[in-house]
Amino acid sequence: MSEQEIVRYTDAELVEFRDLILQKIAKSQEELTFYNEQIKSAGEGENNFNNLEDGSITQERESMNQVASRLIKHIQHLENALVRIENKTYGICRETGKLISKERLRAVPHATLSMEAKLKQK
């Protein structure tokens, strides 16, 4: 049976992907905690700097906020992937209905499009 004929990944394969996703969530949450602490400490230290440095502090905090925002979005995508695992719909392309390759899912575990569908978007 070819990969195209397979309707979904097996429960054992889903467990493998779930473990990978949980590891990525944990790592992203650690990074988010780090950035949130940096943002907080940048705000607390603001009063110690003169006005010339206020712009760079604001810019640095803004940059850290953007990174934190991307991490939050990434964690949400990973959590949505966990829901798809529970529903046993994980790894099925939302455009073609075919299985997304394991290689792609290992690289981008929250992917909802196969490479075929992704390339058609461009």
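Modeller: Accessible areas here come from the Shrake-Rupley method with a 1.4 Å probe; for residues, only the protein chains shown count as cover. The protein exposes about 8300 Å², and carbon and sulfur atoms supply 50% of it. This is a predicted model: local features need pLDDT of at least 70, side-chain atom pairs count only at pLDDT 80 or more, and totals for chains, interfaces and linings use all residues. Residues are numbered from 1 along each chain as its sequence is written, and side-chain values use heavy atoms, with hydrogens and water left out.

Colleague: How many helices and strands are there in the protein?

Modeller: Helices (H or I, at least four residues) and strands (E, at least two) are DSSP runs, numbered from the N terminus. The protein has 4 helices and 0 strands.

Colleague: How many aromatic pairs does the rule count?

Modeller: Rings of Phe, Tyr and Trp (its six-membered ring) pair if their centres lie within 6.5 Å; planes under 30 degrees apart count as stacked, over 60 as edge-to-face and the rest as tilted. The count is 3 aromatic pairs. One of them, Tyr-9 with Phe-17, is edge-to-face, at 5.5 Å centre to centre and 65° between the planes.

Colleague: Why is the pair of Phe-17 and Tyr-90 tilted?

Modeller: The planes stand at 50°, with centres 5.2 Å apart, so the pair is tilted. Phe-17 lies in helix α1 (residues 11-45) and Tyr-90 in the loop between α2 (51-86) and α3 (102-107), so the pair ties together parts 73 residues apart in sequence. Ring pairs link Tyr-9, Phe-17 and Tyr-90 into a cluster.

Colleague: Are Phe-17 and Tyr-90 buried or exposed?

Modeller: Buried means under 20% relative accessible area, exposed over 50%, partly exposed in between (1.4 Å probe, protein chains only). Both Phe-17 and Tyr-90 are buried.
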